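Please look through the sequence and the model below before reading on.

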Amino acid sequence: MNRLLIIFSLFTLLNQAFAQVTTYEKTITANDLSRHLHILASDSLEGRETGMAGQKKAAEYIKNHFQQLGLQPPVTTPDGQKSYFQKFILVKRSWGDVYLKVGKEKKVFLKDFYAYGDIKVPKEIKVPVVFGGYGINTADYSDYRNQDLKGKAVIIFMGEPVKDGKSLVTGTAKASDWGNDWRKKASEARKLGAQEVFIIVGNNFTDYETRLNQLKSHIAQPYLSFSHKLRGGSALFISTKLAAEMLKTTEEKLLTQKEEIAKAGNDYKSPFKPAKLSYKADVVESAVETENVLGLIEGTDKKDEVVILTAHYDHLGIENGKIHYGADDDGSGTAALLEIAEAFALAKKNGQGPRRSVLIMPVTAEEKGLMGSEFYTDHPVFPLNKTVANLNVDMIGRLDEDHANNENYVYIIGSDRLSTDLHTINENANKNGVQLELDYKFNRFDDPNRFYYRSDHYNFAKNNIPVIFYFSGVHKDYHQPTDTVDKILFDKAAKITKLIFATAWELANREETIKVDGGKK
Ligand SMILES: [Zn+2]
């Protein structure tokens, strides 16, 4: 074959692929999205809270849709059957009797202190107390050089030691990633054998009280944990006042330790002779079963590789007697997946199915802490190293303040972080298709909203799988009972859904697997 012919046949091939994506993209319509969302965000589904009847109804609805389309159920159940459901057990924990005794004084939960994470101390125990400075432990700087944490309760500051404008941890003016990350500090202390971690909140009692009042009702609620593992970091939170009491010192002397630590660095030694501590943190546990829903469009010649599309179908359920409908969050993304499933299923029926496998996976328990997607990446049905990319859709049906008069946009988050190819594919799909304004504002590394970490794609990204998070921003109805279906802009959502489909289509059909090159630095 001569050169010209090669070019010619490549051109027709490309054209065919383009014609195909356009054909199937057309099946994605505002009407269909609306039909699905009117069910997902209806009264009957009661806000789809994880483990509740509404979530189960949503799962059934999605499953039936997959079944009708002829998607394959890819999950093997313990009894060897194939299922659309990846079921797992979460532990619902409510606080029981929780208190501290400092010397002879009893301290009250959610008043004198609060707690976060998987803490369970069903019987009162006595624990020696130590002061652990900033609770940082690195090769160059450590608060624990002169400290044995085994079996002890360690009290630590947030932040990090700074001397002459330089962090002792980084050695530069730049702060380390320890300062604001209490989970990191708590996990580290526990790794070193600490029985309990106490974190000092702010610089005075008002700082503590303000924080407590923000969190109180949230912390008092039952919460869900995995049954197969404890999640990173748990701690008790106290004021400077209580910390001083526990260390038998004054608040003033306690706070001057920040300077002392900055001066002495690794050689710092705690001057305190702490009080006696005993405590109890009982929890009442019950099991909650929930499920991710998985529908597979099996690929052809590259079927071992898989492109995964996710959107969380759970929401907040009923709070204070009011249904939180979650029409935008994330009924909109779930409806988008149902439409994309239909488009791929039709292509397959016509003998034009994707070369790589496409897994459509509405996930559960996102609102409880991205737990459905975390369970999946802990228990993947397809090997993670054969997972080409994850496209995640979370809230695509509304406008945010910055776009009050402009429907024609979508936020793209993460596309260039792990793979330059993925970024380019999405841009081209948009250029050749719906031509939305792709807004990268929230993709910045210093985005204070940290959206990159806040939806299900993150569980794939942390496993080095390239991701794109499609999002149209927050609005005044976010996490309110007023996030209802009548406010959804279905034409806008349809456009974004088409873009996601076109990107998935290219990912699934192109000759080369996209490269994971670390993307933009
Ligand atoms: Zn969401």
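Which strands does helix α5 lie across, and at about what angle does the helix run to β5? In this predicted model, helix α5, made of residues 205-220, lies across β5 and β13, and its direction makes about 50° with β5.

Both of these strands belong to an open sheet of five strands with mixed pairing, arranged in the order β5-β13-β11-β8-β7. Because β5 (113-116) and β7 (129-131) stand at the edges and have a single partner strand each, one side of each is left without a neighbour in the sheet. On average, and with direction ignored, neighbouring strands of this sheet are turned by 25° against each other. The pairing of β5 with β13 (residues 235-238) is antiparallel and runs over four bridges, and within it Phe-113 stands opposite Ile-238 in β13. Another helix, α7 (residues 251-264), lies across β7, β8 (153-157) and β11 (196-200), and runs at about 75° to β8.

A further open sheet has seven strands in the order β15-β19-β16-β20-β23-β21-β22, again with mixed pairing. Its edge strands are β15 (295-297) and β22 (437-439), each of which pairs on one side only. Strands β20 (residues 387-393) and β23 (residues 467-471) run parallel and are joined by four bridges, with Asn-392 standing opposite Phe-469 in β23. Helix α12 (residues 490-509) packs on this sheet, where it touches β16 (302-312), β19 (356-363), β20, β21 (409-413), β22 and β23, and its direction makes about 180° with that of β20.

| Helix | Residues | Reference strand | Angle |
|---|---|---|---|
| α5 | 205-220 | β5 | about 50° |
| α7 | 251-264 | β8 | about 75° |
| α12 | 490-509 | β20 | about 180° |

According to UniProt, in an unreviewed entry, residues 292-502 carry the feature "domain: Peptidase M28". The C-alpha atoms at the ends of residues 292-502 lie 24 Å apart, and the span is 29% helix and 24% strand.

Sorted by class, the lining of the largest cavity has four nonpolar, four polar and two charged residues.

Conventions:
Residues numbered from 1 in each chain as written. Predicted model: local features only at pLDDT ≥ 70, side-chain atom pairs only at ≥ 80, totals over all residues. Heavy atoms only, no water. Nonpolar A, V, L, I, M, F, W, Y, C, P; charged D, E, K, R; others polar. UniProt positions renumbered as here; feature names shortened; annotations may be inferred. Helix = DSSP H or I, 4+ residues; strand = E, 2+ residues; numbered from the N terminus. Pairing = 2+ DSSP bridges. Axes fitted to C-alpha atoms, helices over the stretch in contact; angles between N-to-C directions. Contact = heavy atoms within 4.5 Å.
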